[in-house]
Amino acid sequence: MSLDKDTVEKIAHLARLQLNEQELQAYTDSLSQILGLIEQMNAVDTTGVAPMAHPQDTVLRLREDRIEETDQREKFQRISPATEAGLYLVPKVIE
Amino acid sequence: MIHTKTVAEQSAALRAGELSSTELTQACLERTEQHRELNAFITVDAERALAQAGVADERRTRGEAGPLTGVPIAQKDIFCTDGMLTTCGSRMLSNFTAPYDATVIRKFNEAGAVLLGKTNMDEFAMGSSNETSFFGPVKNPWQADAVPGGSSGGSAAAVTARLVPAATGTDTGGSIRQPAALCGITGLKPTYGRVSRYGMTAFASSLDQGGPMAQTAEDAALLLGVMAGFDPRDSTSMDKPVPDYVQSLNHDLKGLRIGLPEEYFGEGLNAEVATAVNAAIEVYRSLGAEVVRLSLPNSNLAVPCYYVLAPAEASSNLSRYDGVRYGYRAPEYTDLTDMYEKTRAQGFGAEVKRRIMIGTYALSAGYYDAYYLKAQKLRRLIAEDFRQAFEACDVIMGPTSPSTAFRLGEMTDDPVSMYLNDIYTIPVNLAGLPGMSIPAGFDSKGLPIGLQLIGQYFDEARLLNIAHRYQQVTDWHKRIPPGF
Amino acid sequence: MKWEPVIGLEVHAQLLTKSKIFSAASTRYGAAPNTQACAVDIGLPGVLPVMNIEAARMAVKLGLAIGATINRQSVFARKNYFYPDLPKGYQISQYELPVVEQGHLTIEVDGREKTVGITRAHLEEDAGKSLHEDFHGMTGIDLNRASTPLLEIVSEPDMRSAKEAVAYLKKLHELVRYLEICDGNMQEGSFRCDANVSVRPKGREQLGTRSELKNINSFKFIDKAIDYEIERQIDVLEGGGKVVQETRLYDAAKGVTRPMRSKEEANDYRYFPDPDLPPLVLDDAFIEDVRKTLPELPEAKRARFVQDYGLSAYDAGVLTSTREMADYYEQAVEAANADPKLVANWVIGDLSGYLNKENKEIADSPITVEMLAGLIRRIADKTISGKIAKDVFDAMWNEQGDADTIIENKGLRQITDEGAIEKLIDEVLANSPTQVEQYKSGQEKVFGYFVGRVMKASKGKANPQQVNKILKAKLPG
């Protein structure tokens, strides 16, 4: 299966990646190629096979409800692009 | 020459008082500086390394040294290291000083190892040639115009060039074993859940596993002993005791059943690689092993399956790089969406973006069943192939990579061909099994060839034992590239 | 045409755990921004989630209380979308396999009972908060709330009016507080409600296009918001238009709903099982352990109050409206060892009145169970009259001590000495010749005048029954 540019543009937006026209064309080509590879999967009938989400057949371990973390805001925000009054700053969010 | 020594030998020299960790660290720092042309390291922090060496020397004086105390180790730049740049080979994290230690880093610190530096890698571990790094490609010490393999190419090159005796890597589809093979060193990808993933920047969470890269199986055993173990901070970490990997290295191989999957010796395998792998199997026969022919019928679909699952997980794992809390933020933007899109477009390289888009597509409405769910089902079939195979054998052997190191730039424009480099390593990650690559010869161009060993779940001790016995009777692993 | 509204509610209840659902940071409300956002909460590279057992227990608790199926295996999935208060770019939630499925709640509207189905309740992590006040044209992000455990409780579209929706919401609110899994504080956002509203011609099976009303954070607004939305949709349809499926916000100030401008643009959440979290498996032993911690639920308690204490259904309903009040009442009955109805009157009447006036919870009442019981004991043993008791209550509320201390200090003990009362009566009669004459001439209602004068002369302390008896004997007739 090959992808068209519109689809690639949509995917890029879902993934929040800005592409210029040249990139859009290049990705449309290479993603189509990769999809060709992926679709080789169809050679195998997987009817009735249980999907495998984890490599180990294990169950979730549950942690006791205890507070073990301390305030590290200063350390974490020293590496932030923009902060003020302890908040991370981003361009205005409109609801 | 101390730098050509293994971890075990350096450890012995330190123990014997032949030199101090400070001297050893100084020597490694000098070699690293001399061989900057390899581009094996992203960060070398001499001050920090020497401070750690000093502490190790004091620890030794107090009689509290373990086998790794004072030994310089390089860490793949994917492990968060408190107070140190941790870039994942990406522009996105090119300014990211990690504010905490990965569990693996903490364990090496507790063992008293010296962190010599952080090694170069394919961006976010996505690549098989180390060419996707924002910090430039790594050169293969055997041949400067050849790739070292990837994604742990910096670690592989550093060990091969004997800049450090050993390093860590991570392996999602072959990223420890393939560069180990292409550089002629020993690399081990442990069973999924054996080594904590906490602090190891995620590429594909259900496939990623950290492991050692070293000159010998013995060194890999020493490192794995430090890295392995249950971590309550990782819900996929398995709570199983860690055996003494060194103690079982010399077990006899008589009666060992080696499974040879026909799919690993078919079309696409370079003839010189095939010859070397077959020769290695003969060596095992001479050590008392038997050969069992078998089939992993779905393994030829492992690459397609992997290129759904790994990018799907990656597309989600890499969503956190948005320029809000840390890392790169585009300098100019008009609004929030524009900030996201520019930050991510500029912060990620082409291959990472490609995989994010593949993964996003595979998970998107209307395609989930055909791609993601289908791949998960296929994954079960692939794991089931191995389960059946291990009823007839104790270890599976074959080539690590279909060819030896290719030239820089040779495959950068052809992602699918690049992906097929991992055709023999990927099935192991999908199943979650442990796998190793050990040096098993050279091709006519003088490039190393790797033999892959695949073991049962949590059978790392046996893999190391099998690898070690081979290294007792061969010397491929002792070869050092000319000029190093 | 007759229109029928169809309403389903999605409630996000913040669970009362000490630490977060996937990290060991505190969930305490009101801390300085980002001081309770640990490495896991802010989504640093390499961090991993580890699940809090208490959140699982609380989800099961709710499931058992609503007669639901507890799934022995449930799965955490990632819901992917970009938003600055969502640090990882995905929310860990449950999608295909939630922990709780198929429960129900019974509500009562206009004296009629109705069962509302609960489709599912699933565990998930909360996002942070965006603060929109101006930081030089920027928005501030506080991640303290990120990874706080939420139980999302999704009802069937079973409600047919705003009134039913409010009744359901109140019932659920009461329940989660009874179970002590959520504090129910709507202002602080620990109990949030989204409503799915659609209308269809009455009698038609097929559902109309719905809109989702987001974050209606007060009981006061819920019926207004829903009623507005119902009217709006009917207007659209009757005007020949079509209802658009969209997310709308209720603007409490203007009393209208309006479409949200950003967040929900054609989202494709790309759910998939979270590879960092193996399936949540709950065995029978776990579920039985939780069952043992289930408190008596409101309905059972109400029935028991009617049965055991002889209360009216109304009084039992008021007393059991919160677990705290019910507990207070029961403890007071036991401590006072008095008529349960008398105790009920005090709790429902004066105590609730004072609490309401000062906007206090029963837990913060200055009058403890023991103090109220002490007061009631003195009424029962006739040390004070019911009237004086109100003054004593007021004094207790104002922290002047317990009932006995106040009665002693203020000399409020009832006068029961016959001689003393007789003396008071004699004085009153002697000073009221006119009224005595009137009484003699048959105007019996003057009797009340005498009682009032005697009580006043005793400063309210004379035992009223004795006053009545002696007065009757002394007056001719």
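**Note on chain C of a predicted model**

1. Helix α1 of chain C (residues 53-65) has 13 residues, which at 1.5 Å a residue should span 18 Å, and its end C-alpha atoms agree with this, being 19 Å apart. The expected span is 1.5 Å times one less than the number of residues in the helix, and helices (H or I, at least four residues) and strands (E, at least two) are DSSP runs numbered from the N terminus. This is a predicted model, in which local features need pLDDT of at least 70 and side-chain atom pairs count only at pLDDT 80 or more, whereas totals for chains, interfaces and linings use all residues. Residues are numbered from 1 along each chain as its sequence is written, chains are lettered from A and ligands numbered from 1 in the order in which they are written, and side-chain values use heavy atoms, with hydrogens and water left out.

2. Of its 13 residues, 11 are buried, so that the helix is mostly covered, where buried means under 20% relative accessible area, exposed over 50% and partly exposed in between (1.4 Å probe, protein chains only). Among the buried residues of α1(C) are I53(C), M58(C), K61(C) and L64(C). At the start of the helix, a side-chain oxygen of N52(C) comes to within 2.9 Å of the backbone nitrogen of E54(C), and after the helix comes G67(C), whose phi is positive, near 60°.

3. Helix α2(C) (residues 162-178) has 17 residues and reaches 24 Å from its first C-alpha to its last, close to the 24 Å expected at 1.5 Å a residue. The helix is mostly covered, with 14 of its 17 residues buried, and it is followed by E180(C), whose phi is positive, near 60°.

4. Strand β11(C) (residues 149-155) is mostly covered, seven of its seven residues being buried. In a regular strand the side chains alternate between the two faces of the sheet. Here both faces are covered, with P149(C), L151(C), I153(C) and S155(C) buried on one side and L150(C), E152(C) and V154(C) buried on the other.

5. The pairing of β11(C) involves β1(C) (residues 3-14), to which it is joined in the antiparallel sense over five bridges, and β8(C) (residues 112-125), with which it pairs in the antiparallel sense over seven bridges; two strands are taken to pair if DSSP finds at least two bridges between them. Within these pairings, H12(C) has E152(C) as its bridge partner in β11(C), and R120(C) has V154(C).

6. A sheet that includes strands of chains A and C also deserves attention. It is an open sheet of four strands, in the order β2(A)-β3(A)-β10(C)-β9(C), with antiparallel pairing; its edge strands, each pairing on one side only, are β2 (83-84) of chain A and β9 (129-135) of chain C. Strand β3(A) (residues 87-91) and strand β10(C) (residues 138-142) pair in the antiparallel sense over four bridges, and V90(A) stands opposite T139(C) in β10(C).

7. S130(C) has its place in strand β9 of chain C and is buried, with a relative accessible area of 15%. Its side chain makes a polar contact of 3.4 Å with the side chain of D85(C), a polar contact being a pair of N or O atoms within 3.5 Å, of which, within protein, one must be able to donate a hydrogen and the other to accept it, with residues adjacent in sequence counting only if both atoms are side-chain atoms. Leaving aside neighbours within four places in sequence, S130(C) is in contact (heavy atoms within 4.5 Å) with residues including Y83(C), T139(C) and I141(C).

8. S74(C), in strand β4(C) (residues 73-74), counts as buried at 0% relative accessibility. Its side chain and that of Q94(C) are joined by a polar contact of 3.0 Å. Leaving aside neighbours within four places in sequence, the residues in contact with S74(C) include L97(C), P98(C), P279(C) and L280(C).

9. For chain C as a whole, the secondary structure comes to 15 helices and 17 strands. Its radius of gyration is 30 Å, well over the 23 Å that the globule rule gives for 477 residues, so the chain is more spread out than a compact globule; the radius is taken over C-alpha atoms, and the rule is 2.2 Å times the number of residues to the power 0.38. Buried residues make up 56% of the 477 residues.
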